[in-house]
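I opened the model today to look up a few things about its helices and strands. My notes follow.

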Amino acid sequence: MQAYGALVYSAFGSVNGFAETMVKACPLLLAGLGVTVAFRARFWNIGAEGQIYAGGIMAAVVGIYITGLPAVVHLPLTVLAGAVGGALWGLVPGYLKARLKVNEVITTLMLNYVIILLAGYLIHGPMRDRASGITISPQLLQTAWLPTVIPRTRFHAGILLALALAVVVYWLLERTVLGFQIRTVGENERAARVAGVRVGRTIILTMIVSGALAGLAGAAEVAGLQHRLVDEFSPGYGFLAVAVALLGNLHPIGVVFASVLFAALLNGADAMQRAASVPVPVIFVIEGLVIVLVSARFFRQRSG
Amino acid sequence: MYKKRALIVPLVLALALVIGQPLAMTAQEDETDAEPIRVALVLDNAIDDQGWNQAGYEGLLAIEEQFENVEIAFSEEIPIPDMERALRDYASQGYDFIILHSSIAKDAAINTATDYPEIMFLWTDGDTTMDNLAVIRPLAHEASYLAGLIAGSMTETGIIGMVGGIDIPSTHRSYEGFVMGVAEVNADAQVLVNWIGSFLDVSAGNEAAMSQVEAGADIIFGNGDGQNIGVLRACEETETLCIGAVRDQYDVAPSVVLTSVGWGFETGIPLVFGDYLEGKFEGQFYEINLEEGADLMPYHENEELIPEEVRELVEEKRQEIIDGDLEIPVIDFAEEMEEEEETD
């Protein structure tokens with residue numbers, strides 16, 4: 001019980017712990033929202049990881065190489081670049097599925113590796129920080145940094161943006177025509193077609209939105225946290241986002257809670273190790289179990 | 001809602017099963033009277049990786065052993081982009097002395113040290129110091145030079161391999177020192193160079209070493225971190241002599257590891273901590289030289305494989321370096337990169 005106490009305490013018991021939990025929840029939430037939008041249309045987007053990287057790369061390029069802008073222009077531009085990067089990377093499998101009926105599980109998964117390796121190439125090659133000689137990119141200009149909200153912590157404005165976007169996504173899915181079309185395509189594609197929904201167009205739009213959300217996760221990591229393009233800046237947030245979206249029952253508000261839960265679990269791993277000498281792999285076992293059980297439930301429900 | 005509950009019950013049961021076992025075995029920590037000095041270490045891989053991280057962990061254990069009333073803690077397998085979180089976690093809990101054992105996690109050290117000026121930080125193989133941030137800089141290029149003497153003298157094919165991790169300033173210095181040593185005793189020897197671009201990728205290290213063996217290399221210098229395990233295993237498999245790095249890696253492949261280029265973290269970390277206890281800690285570069293532990297590691301059982309005159313030569317040159325009669329030039333890697341860029 002000591003270990004669980006440590007986990008809960010480290011996640012919520014102190015200002016820094018709370019801030020770090022939210023820092024980790026931010027990319028999970030944004031990518032989880034992206035996955036939610038796609039899954040609602042029954043588009044199995046497991047490419048959120050790649051879309052995060054696409055967003056991170058674009059944000060880094062804009063944040064590092066566009067100079068001379070005031071922060072009011074540069075910061076929104078950087079964040080927007082992240083969304084565009086993610087949207088483009090989501091658009092590719094969306095288009096392939098809508099026009100050529102290519103299986104999206106394969107394309108989204110494979111495109112992950114393309115962009116992750118591209119990021120690695122950039123960091124080790126053209127974007128490498130010559131001043132320090134280490135394999136990281138130069139720092140983003142300060143005008144492109146998401147401001148820190150809680151002093152002496154890493155709680156950055158991207159987290160507030162993510163929470164606001166959860167509400168926006170809820171509104172999009174439940175209150176707009178596009179949201180209705182997304183849900184209709186997801187529930188019964190043939191019925192949607194008969195009812196006059198342009199399925200292909202809906203799928204492409206879905207993936208633009210989905211990719212943009214994941215891309216924002218990348219932009220928030222780069223502009224809010226690392227302030228550089230760093231190797232493996234997303235250690236699998238895009239894959240965890242699938243579990244987050246499923247645990248959140250594909251509901252934006254549910255995804256908020258699921259992302260915070262997963263963030264607490266992730267951050268709690270070393271707190272548990274310290275307090276009760278629980279080996280880190282055991283935490284990974286717990287995470288794995290959560291994912292297996294949640295997806296088992298999800299797919300049983302869908303097929304049953 | 002009942003569906004949600006149906007999910008939670010097996011979940012909790014599964015967790016209880018998984019967690020119950022290790023929990024039952026954890027011991028209670030005993031309390032001491034005086035307020036202990038709390039020291040923490042943050043690492044990017046496992047503490048028993050037989051390389052870089054184990055060296056750092058051994059440094060932490062040495063602190064516990066050498067000094068009284070010290071309480072140690074560590075976090076292993078922290079991905080580099082996540083290291084700042086681990087540092088801040090310790091800092092916010094009021095740890096007194098926090099060690100970051102990673103060259104790449106640059107901003108993590110600087111940002112945390114800025115926000116917590118009252119806490120002392122030690123960054124191994126870093127490149128920036130602050131009032132409360134010191135850096136250990138191993139002068140491993142000296143021991144690498146000695147290793148180069150051995151490799152250059154012993155090669156029969158005239159081809160020597162070097163498999164490096166990421167080409168960063170510290171590993172680059174080691175590489176330059178090694179090549180210099182080789183050239184001094186064997187001007188015709190060719191050094192095959194592979195930087196695999198990762199400090200963790202064991203299989204890439206393995207493949208690179210294998211391909212160097214195929215290309216005729218009969219001695220391989222594994223210059224780096226986790227990937228060295230792959231390099232040394234490849235050498236063991238192909239019965240190729242090799243040289244380890246960062247710590248004494250004889251235990252990885254006892255049949256073929258001649259020696260290792262030590263980086264002196266096991267001795268350097270307690271050295272800086274001792275300064276801290278005596279109030280002498282300064283935000284400066286602590287250069288660790290041959291005598292302080294960044295030395296050629298023991299030959300162990302493989303001593304006989306190295307000809308006696310080679311061992312004597314190494315001993316002689318080592319003494320010359322210590323006495324200041326021989327200087328192994330340090331190349332400024334960042335400057336070199338700038339120049340390369342300009343000539344491109």
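In which crossing, left-handed or right-handed, does α4(A) pass α5(A)? I found a right-handed crossing of α4(A) past α5(A); a crossing is right-handed if the near helix is turned clockwise from the far one by less than a right angle, and left-handed if anticlockwise.

The model is predicted, so I noted that local features need pLDDT of at least 70, that side-chain atom pairs count only at pLDDT 80 or more, and that totals for chains, interfaces and linings use all residues. Residues are numbered from 1 along each chain as its sequence is written, while chains are lettered from A and ligands numbered from 1 in the order in which they are written.

I looked up the confidence, pLDDT (from 0 to 100 for each residue). Chain A has a mean of 91, with 96% of its residues at 70 or more.

I then looked up the angle between α4 (residues 71-100) and α5 (residues 104-124) of chain A: about 150°, with the axes 10 Å apart. These two helices are therefore roughly antiparallel (angles over 145 degrees, on a scale from 0 to 180 between N-to-C directions). On the α4(A) side I listed contact residues including A:W89 and A:L96, and on the α5(A) side A:L111 and A:I115 among them (C-beta atoms, placed from the backbone, within 7 Å).

In chain B I found an open sheet of five strands in the order β7-β6-β8-β9-β10, with parallel pairing (strands pair if DSSP finds at least two bridges between them). The twist averages 20° from one strand to the next.

Methods
pLDDT is the predictor's confidence in each residue, from 0 to 100. Helices (H or I, at least four residues) and strands (E, at least two) are DSSP runs, numbered from the N terminus. Angles under 35 degrees count as roughly parallel, over 145 as roughly antiparallel, 65 to 115 as roughly perpendicular and the rest as oblique. Two residues are in contact if their C-beta atoms, placed from the backbone, lie within 7 Å.
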